[in-house]
Amino acid sequence: MTNLHRSFVLGCSALALASCGAEEIASPGTGGNVTINNPAAPTPTPTTTPTTTTTAAADCPFIADPQGLTDRGTISGPTGSYRLCQLPARFNRSSQLAFTPADAAVLYLIDGQVDVGTDGGPAADASDGLSDTNIVLTIDPGVTLVGLDASYLNVNRGNQIQANGTAARPIIFTSQQNVRGENTDTSSGDWGGLILNGRAPITDCLSNTAVPGSVDCEREVEGTTTPPRYGGNDASDSSGSVSFVQLRYSGTVLSNGDELQALTTGGVGSGTTFNNIMSFNSADDGVEFFGGRVNIKGLVVVGAEDDSIDTDTGVKANLQYVVAAQRADVGDTIIEADSSNTLEESTPRQNTQISNATFIQRKNDDQVVRIRGRADYTLANTIIVDGSSNGTACLRVDTAETLSRAADGSIDEAGPVRFESVALDCATAFRDGSGTTAAGVQAQFDAGSNNNAAFTNTLSMTYINGANEDGLVAFDPTALSSFFDNAGFVGAAQAGDTRFQGWTCDSSTIAFGSNTGACSSLPVYTS
């Protein structure tokens, strides 16, 4: 096993962007002698008003739920006028939110806590005294939903959301400020977020007598005024599907002082599908996963004001093709991981595995990645770049048990923190943690294959691999899980890779190109 040394800049690689954008008219939106080549933030294209704008629909569409949609009048902005159609406080019948074209434009309004079904309890039958209602909310590609302050969409256990956009027509969750053209690249916290709850195992039970990971182990969603519950013992439970979705300007502060993330999952099972999800400018974490089983291919977190990716309470997560980029001087860590909030020895212990990721830190902070609480964690084929001015350390691991725990037959996990084909472009690669030393973290890093703690990045467009990235030796992540692709490269995207185009939006923090335009504007679909 080798630990490579500082790589030389081999030259710049040019990126040929494919012209495959959405079918819409929209605005594009130190230490020592080490020299770090930080990727420059892209220069945003000035936002302009589309040549075609929307016209508000005459009335709200029909939905199957007999409560119907409430007409809240119209709202206007740079992209035109829209009919605001308020969702019911609770969907009691499976319903579909239909796409409407520019000449009959509708926005679906989230006002307060909007529930999909009632809580079906931790068991998929009536043994807990609750009925599994199995309400399904379907959202068509190209639909835009807007949330008011302190509002969020919550999918209760036993129910599902089918929010499946396309690369050309993503589903957008955003705020009325975004519609009115009031938001900038630094706006955040306009509304709550999207919450999915399931019956998969968790830790940190509400009841002191419940066994972690059992059907009796439940928790309440943090950051909510009327907390939904999650958890159970069905690892394969399904809360539906979320794909090609943007979550913009989320994370409002609620009355209890908590904040919501763009996407929060609580005990969702492996039957839930997540693909191509973007969190933009969340006032709290970009995404947070509490327990359960989470599998995502295609995750973008931009401008989160706390952690980009927060994982806790026994979650088992596999994430591939991940881009996380902070705004300048905003945010905390890119990764914060704990197995448990209370008893570290509780099982199921967290086991998160990430492959093909590019992390761009821009905040002067303590560390880019922090792993603690006896969490099992694997980073593979990952590039970490510190773009701050004070030499923020790349890696911190707290407690000796987290760092170098030996395999134990009484524990249901694979072992300690693992690094495979990870490249660090930081003035300070490692730092001391609680109960650990920088040298200890480095030793664990060196124990992996093809890791490079003294890398010089040649990224273009903030996230696209250049010559130095192409020279890195990739790790085959299928050895970790059959979920992963053997992509054959390190980082989130190679030159010419269009996987993040179409369904994303651009800002001064990071631009993906050939997509829905600027995050501060809305796409306009003519048909």
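Mentor: Of the chain's 527 residues, 61% count as buried, meaning under 20% relative accessible area with a 1.4 Å probe, protein chains only (over 50% is exposed, in between partly exposed). This is a predicted model, where local features need pLDDT of at least 70, side-chain atom pairs count only at pLDDT 80 or more, and totals for chains, interfaces and linings use all residues. Residues are numbered from 1 along each chain as its sequence is written, and side-chain values use heavy atoms, with hydrogens and water left out.

Now to your cavity. Rolling a probe the size of a water molecule over the atoms shows where empty space is left. Here a cavity is a set of points, on a 1 Å grid over the protein atoms alone, where a 1.4 Å probe fits but cannot get out; lining residues have an atom within 4 Å of a point. The largest cavity holds about 180 Å³ of space, a volume being the space filled by probe spheres set on the points, which are joined across faces, edges and corners.

Its lining has 18 residues, and Tyr82, Thr100, Val106, Gly142 and Thr144 lie nearest the centre. By type, 14 of the lining residues are nonpolar, 4 are polar and none is charged; Ala, Val, Leu, Ile, Met, Phe, Trp, Tyr, Cys and Pro count as nonpolar, Asp, Glu, Lys and Arg as charged, and the others, Gly among them, as polar. Strand E6 (residues 106–110) gives the largest share of the lining, 3 residues. Strands (E, at least two residues) and helices (H or I, at least four) are DSSP runs numbered from the N terminus, and the chain has 30 strands and 4 helices.

Methods
On a 1 Å grid over the protein atoms alone, a cavity is a set of points where a 1.4 Å probe fits but cannot get out, and a pocket is an open set with protein on both sides within 12 Å along at least five of seven lines; lining residues have an atom within 4 Å of a point.
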